Amino acid sequence: MKGLRKVLTPFAPDQSGAESVLYGYGGIIVILDAGGCTGNICGFDEPRWSGRHSALFSAGLRDMDAIMGRDKLLIEKLAAITERIPASFAALIGTPVPAVIGTDFEALARMAGKATGLPVISLDTTGFRLCDEGAADAFLALFKAFTSEAAPQAGRVGVIGADPLDLAHVADADVFRCELAKEGYEHIAVYAIDDDLDDVCSAAQAEKNIVVAPSGLPAARWLLHTFGTPFEVRYPGGAHWLGNASVEGLSVLVVHQQVLADTLREELTARGVRAVVCASWFGMDDTLKSPSDRHLTEEEDFITLVAEGHFDCIVADDMLHRLCPDYAGLWLHVPEFSVSGQNPDVMWEQAQ
């Protein structure tokens, strides 16, 4: 049955991916919902919520607000918030409610900008797509809104796509910095983790960008087209997730977001595996795909792939092991919070 889930929970929707990108930039983020979507974001989809809060609000739309499209009331609420909370910008993030009634997000952003005097980012996410698409929209909108033209400077690099829902672990941001420092970069901005808005504003100064997840590709391509900033697609230091596993001669299945999966495939190939198949539950860019790559939609897709692939080793989140409890081969755990929703606060040493 299409859409039936017996083991996996529903994956985070696009509004959660958008929020994840904007979370730490000091803006006022308004989720245009009746309260339920914001509760899900804070309670389940945002691993930083328990330790690092953000100015994240629900629009609190009531039935008639949604039916009548009372935009003036929303703008008044937002203006009142900006009088009490200092912010560098405001963001309006969509949910199924405004999607159903056809909210004009561009007009709403203009009205909000006039009322608050702040730059306003509007994202017409719908709740019907997955988190990676919302993150891609947010990265692109963020750079379009704030990045100014500037001459590139040697030693500066940007990392795009590193929101917590796309990383194996948020501490991978430290791995990126360590690996890129070894390559000679002195100023390393890992966007959406612990940088600030100044880094986004000066993004054109980077001599290169590193895209670590498909969600970063639209923004990287825009920066290339607009400012001429070249980019590479890789997950620096990602091979550490394989540890010292001996895989020579094995047939391996890797399941993760596309860029990390590709990075692990390269490392596995270097270690002498017989064959590697990469799969992902999320978007896969055609320019990065290999003929053997598989996109997963249903639980049955994964179960069938494992059964028919006869893999000696699977590299994936442990949660997926529940879908094939009889699998007896080597299983290497690589966390994927957007799939399992588990262990967001596990210490880096334990993750290794």
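Are α7 and α10 roughly parallel or roughly antiparallel to each other?

Modeller: The model is a predicted one, in which local features need pLDDT of at least 70 and side-chain atom pairs count only at pLDDT 80 or more, while totals for chains, interfaces and linings use all residues. Residues are numbered from 1 along each chain as its sequence is written, and side-chain values use heavy atoms, with hydrogens and water left out.

The two helices you ask about are roughly parallel to each other, since they pack at an angle of about 30° with their axes 7 Å apart. Here an angle under 35 degrees counts as roughly parallel, one over 145 as roughly antiparallel, 65 to 115 as roughly perpendicular and the rest as oblique. The axes are lines fitted to C-alpha atoms, for helices over the stretch in contact, and the angles run from 0 to 180 degrees between N-to-C directions. On the α7 side, Ala-136, Phe-139, Leu-140, Phe-143 and Lys-144 meet Pro-218, Ala-219, Trp-222 and Leu-223 of α10, where contact means heavy atoms within 4.5 Å. Sorted by type, the residues of this contact are eight nonpolar, no polar and one charged; Ala, Val, Leu, Ile, Met, Phe, Trp, Tyr, Cys and Pro count as nonpolar, Asp, Glu, Lys and Arg as charged, and the others, Gly among them, as polar.

Staying with α10, which runs over residues 217–227, you will find that its buried residues are Leu-217, Ala-219, Ala-220, Trp-222 and Leu-223, buried being under 20% relative accessible area, exposed over 50%, and partly exposed in between, for a 1.4 Å probe and protein chains only. The cover over these buried residues includes α7 itself, together with the strands β5 (153–160), β7 (206–211) and β8 (231–233). Just past the end of α10, Gly-228 takes a positive phi of about 80°.

Turning to the other helix of your pair, α7 covers residues 131–146, and its axis comes within 6 Å of the axis of α1 (residues 14–22), the two crossing at roughly 40°. That angle makes α1 oblique to α7. From α1 the contact takes in Asp-14, Gly-17, Ala-18, Val-21 and Leu-22, and from α7 it takes in Cys-131, Gly-134, Ala-135, Ala-138, Phe-139 and Leu-142. The residues of this contact divide into eight nonpolar, two polar and one charged.

With a relative accessible area of 27%, Leu-130 is partly exposed. If neighbours within four places in sequence are left aside, Leu-130 is in contact with Phe-11, Ala-12, Pro-13, Asp-14, Trp-281 and Phe-282. Between Leu-130 and Glu-179, which are 49 residues apart in sequence, the C-alpha to C-alpha distance is 30 Å.

Most residues other than glycine have a negative phi. Ala-192, in the loop between β6 (187–190) and α9 (197–201), has a positive phi near 80°, and this alanine is buried, at 3% relative accessible area. His-310, in the loop between α12 (299–309) and β12 (313–316), has a positive phi near 50°, but His-310 counts as exposed, at 61% relative accessibility.

To place all this in the whole, the chain has 14 helices and 13 strands, and its C-alpha trace spans about 65 × 55 × 35 Å along the principal axes. Helices (H or I, at least four residues) and strands (E, at least two) are DSSP runs numbered from the N terminus. Of the 352 residues in the chain, 54% count as buried, and among the contacts with a separation of 6 or more, 72% come from residues 24 or more positions apart.
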